[in-house]
Amino acid sequence: MKPLVFTLRSEPVERLDLSALTPARLSDLSSAAIEKLAIGTTQRPLRVGDVFRLRDGDRSVIRFSGGSSRFDRIAMAMESGVIEVDGMVGREAGCGMRGGALTISGAAGDYAASGARGGAIEIGGDCGDFLGAPLVGEMEGINGGVVIVRGRAGHRACDRMRRGLVAVEKGAGEYAGSRMIAGTLVVAGPVGGFPGTMMRRGTIIMPALPEIAPTFLDCGATPLGFTALYATSLAARSPRAARLLRRALRRFGGDTATLGKGELLVPA
Amino acid sequence: MPRKAKSSARKSAAAPKAAAPIDIDAACKLAATLLSAARLPVIAGMGADVAGARAAIRLARATHGVYDHLASAEIMAELEPLRRARRFATTPDEARVRADCLLFVGAGLVQRWPEIGARLAVGAPPALQRGRARKIVWLGGDRADVKGLGAEVDALAAARRDMGPLIGMIRARAMGRPIKAEKSALRRIDSLAETFKAAHFGVAISSAAALDPLALEQLAGLVEDLNATTRFSSLLLGPRANGAGVTQAGAWVAGFPPRTGFCSGEAEHDPWRFDARRLIESGEADAALWIDAYGDEPPPWTRKVPLVTLTCGDFGGGLVHVRAGRPGVDHDCVEMAIETGVLTPRAASAPSAAPRVDAIIERIMAHLPGSCA
Amino acid sequence: MIVRISGGHVVDPLSGRNETGDVWIEDGKIVAPPQGQSADAEYDARNCLVMAGAIDIHSHIAGANVATARLMLPEAHAAYMARPAQTQLAAAGWTAEETGRRYARMGFTTVVEPAVSPHLALHAHLELSDIPIIDKAVLAVLGNDDYLLSALRKGEGATAVADYVALTLQATRALGVKCINAGGAMAFKENVRAFSLDDVVPQYGLTSRQIMEALQDAAVKLKLAHPLHLHMNNLGLPGNVETAIATIDAARGLPLHLAHLQFYAYGKEGGRAFSSAAAQLAEKVNASPHVTVDIGQVMFSDTVTISLDVLRQFTGLKTARPRKGFIYDGDINSAGVVPYSYKRSDFFNAVQWACGLELFLLIDDPWRVFFTTDHPNGAPFTVYPEIFALLTSRDRRAEWLASLPKGVAETTTLGSIRREYTFEELAIMTRAAPAKLLGMRDRGSLAAGATADVAVYGLHKDRAKMFAAARYLFKDGALVVRNGEIVHAPYGRTFRATPGFDRAIERRLDRYYTSLYGLKRDLFSVPDFALPRPQAFGEVPCLA
Ligand SMILES: [Zn+2]
């Protein structure tokens, strides 16, 4: 099946809201109608045809040839199908996703996978701050699905995470897993200071212990259990994260500033 | 974001190049032309009284633009516990007359509010707590501020970066949960936790400028936790340049605080997307009106953009500058007063003919295409 | 300019009209059909219901706590980032401008913001100034302030209290005085967690009952048209019908308005110790002619509760939906803002919904029961049309009742009530009676001389559709709504009462502020210069 391809003509002059370009929302539109969709975000918004050359194809597989840091909300609320981006994207990639697969070859901006509930998201490069975090005012971050970031994540990755599995291969900034409610974050590279600040439950796995708050307590070696299960499920998608999960791990429980039922795991 | 301290240097460099004075109506006409021609105009700074803020928001709406305040980073941080958790707040009056425990948190509080000690009558027992003494604790304060407060203070020094973990430790101990600490440090933390729990009505005083966002949220959490058994509240000193008053005006005029855009016609709030500095630096915004009637603070961006400035001084980095009157000095105004914590009327202390921000904006709006004026 | 609204079904209880006929307007007033003159403009009202503009006596539409609610819930706004598209709070507009426009769309022309704390009066008036079309008024809240409680503790007499109340009305530009859980907020500052009618405020030695009586007496003494507007103790608690009945007795036969009575109509029967006691309470109200009530109807929606009953709001944090909240210990009153979601599937919420309707239907006298949801506490005001539909159709109520969780129908009498409100009863409850209760003698009627606030609704058998959007609305004689669309948005006035008082209280209070707070009292005033439209005030006369 030939995918539907959007080829970038040139860097757009304004931010684009690409939430309309998902398999479900395009399924009934002719390519002429797609070209007329407004995707700009200012008072005289750009339309699809202004920004992209279109090659029609199967609507359940959408490919963007060429990316931009101004591509916001790509695959937002997607329920099924595939979106692939050959390039970088802006904010809120895969935000509120429920199913399907989003693959980005380059970097992603802040709030990637914000509030996602299902599906698979893979970011080939780095991602910005607040990976998986809730948007302002919302109470819960990522709530399901699997997210793989091949590069580094910015600050506060998986803020308010509720459920799901996030693997970041090359490292994360400060306050990773801040205010986590539950769920699992694996970072297979160096992590900035104070991971798990105000986490209630949930698990953050790191290759080495960074500076942590005194509200985390050393609980000693932890039996291999669910981490090994996650290793198996990640083996194909992120061997690097899987390797970390297979090691013997030591547990630091916290954050006792709040409920204190979360944990930081590092190789023993 | 560059702070006020830097502004004098910028100002003196920019002042000699000030745009030649033109008559105010011509300036307003030019401003209207620039803003209405723009794809995405930004009404930034917003250092203005409530009337000025209302006008600025309406101008942003009329031009399908964005409004942002010069201290929005602090506004967003103050709003965070409100928008995502539970926040207890009180007034300077209640801190003064009722608090038998004042907990100052962070550095820079006296710089933000030099009269804080006198206003809260820190040296006297709280008038409405008959017979109860006042206990004062300061975590992470400037040494000089703590000494100069005019009352006996139990002070614990801490670097800004350590404030969140420190508050977290107190929070853990107040709720009887363990922490990792040496014996003496644990004793110290425990005694602070006990002090707060023993207060009848405690007030934590801080600001978004004094603490990082997560530390500020941690403090909100400590205050909330203490209310399980006693009464505790908090007082945030608020951002400069009437940031809190502008936020309130935003709430009723547009439904949102600063960092809100009207690109589609309807108000849309996005703290990142509608950050004025980012919009200009990224080239997404193509015209700006910069307002600071309080302090003549320069815009925080470096990129060149068609710019109209409206400040109480002679700042002239843009195409057109209009000198505005200072709220409460040159003209009567309403602003969020730090000494009351509510929107407060202020009569002019040195009335002058310098034009008000809202009057200037109304003249700009009268020149917008399609305006019926 | 003479306007004729012709051929409609005119329902005007004050002039006794319930007939097909015309309404004439000239220079902003209703006039008798002019002899020998023709209309400059004529509006066809055939197949329409014509009534005076509606009046809402209790709706939290402005002020610092409303602002806090807006700031707390950015995700509840229509245009919040890209999600969600629409929320129930968003339907209420959520800005000052939209508040006026959406009330007008439903044919409302006067709305009272009932909870203004004196030190936050300027904030409320600034916001009200920006609400277009409708007229407004505020009630000033006392009863948790050190000045009043200290005066009562010292045994100062009724005159001193009345002077203080009158000065407060002047300073806050209020139409009347309200009391919210008298003494409760003060007790909460002393870490008291439950507070009932005869509980004592620590440090002051006064009961809630004593504070309420003092304010009720002051309202009577000042001859305020609007009696003391009371938010009772124990809001929302199972078994609180006892409190409501005791409070009605505590009124001693003097006029008293009880706010959002629905929240006090609860028994503690049944397996979940929560039941409707609305029938019992309605009977008490029927037997107590000195008492008026508004309902505070609950409808199933995602909303936010805004209340100066901080004790109740603090308790409510535990059941907040979503889990956010704001608790404010203020100078003169406290407050709490807590989001809440009333769910049809929730037994307790369903009982609350039934209680409100029972009260509406079992209180016999439409002159003493007022139509409110305590916006946004029971539901956003935009649900009003659906409530009108429920009141006018027992079939509709039966449909709703059938959709509620098991056990709800058994705990209420709602299913057995056959009453359906008539247009005349609706006109009394939402027009004539509120005008009388507020002392706004110029409105609520279509009699000659009345302010020409006129609502015209296209008759439709679905009353919810009919009352959602007026065919025409005239405000002060000007057409502001046509076919549910706003065609003109002038700014209305804010009404206040100005009883006389002994000026000595001003100096006493000045000294009190300087010595206690170290501040000048006028920092908390509402001066003309602070308002964008300072001339836009009207007066409500005191009783003769
Ligand atoms: Zn109310």
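**Figure 1. Strand pairing between chain B and chain C in the predicted model.** Strand S3 of chain B, residues 86-90, pairs with strand S18 of chain C, residues 325-329. The two strands run in the parallel sense, and five bridges join them. Within this pairing, Thr90(B) has Asp329(C) as its bridge partner in S18(C).

**Figure 2. The interface of chain B with chain C.** Contacts involve 59 residues of chain B and 57 residues of chain C. About 4,800 Å² is buried between the two chains, and carbon and sulfur atoms give 56% of this area. On the chain B side, the residues that lose the most area to chain C are Arg86(B), Arg231(B) and Trp252(B), which together account for 15% of what that side buries.

**Figure 3. Polar and charged contacts between chain B and chain C.** Five salt bridges are counted between the chains, together with 23 residue pairs in polar contact. The side of chain B that touches chain C comprises 25 nonpolar, 14 polar and 20 charged residues. A salt bridge links the side chains of Glu94(B) and Lys189(C), with an N to O distance of 3.3 Å.

**Figure 4. The two domains of chain B.** Domain 1 consists of residues 10-71 and 241-366, and domain 2 of residues 76-236. Their C-alpha centres lie 34 Å apart. Nine residues of domain 1 are in contact with eight residues of domain 2, and the area buried between these domains is about 690 Å², 68% of it from carbon and sulfur atoms. The count of salt bridges between the domains is zero, while two residue pairs are in polar contact. The residues of domain 1 that touch domain 2 divide into four nonpolar, three polar and two charged.

How values were computed. Residues are numbered from 1 along each chain as its sequence is written. Chains are lettered from A and ligands numbered from 1 in the order in which they are written. This is a predicted model: local features need pLDDT of at least 70, side-chain atom pairs count only at pLDDT 80 or more; totals for chains, interfaces and linings use all residues. Side-chain values use heavy atoms; hydrogens and water are left out. Contact means heavy atoms within 4.5 Å. Buried area is the accessible area (1.4 Å probe) that two parts lose on being put together, summed over both. A salt bridge is a side-chain nitrogen of Lys or Arg within 4 Å of a carboxyl oxygen of Asp or Glu. A polar contact is a pair of N or O atoms within 3.5 Å; within protein, one must be able to donate a hydrogen and the other to accept it, and residues adjacent in sequence count only if both atoms are side-chain atoms. Ala, Val, Leu, Ile, Met, Phe, Trp, Tyr, Cys and Pro count as nonpolar, Asp, Glu, Lys and Arg as charged, and the others, Gly among them, as polar. Two strands pair if DSSP finds at least two bridges between them. Helices (H or I, at least four residues) and strands (E, at least two) are DSSP runs, numbered from the N terminus. Domain bounds come from an automatic or database domain assignment.
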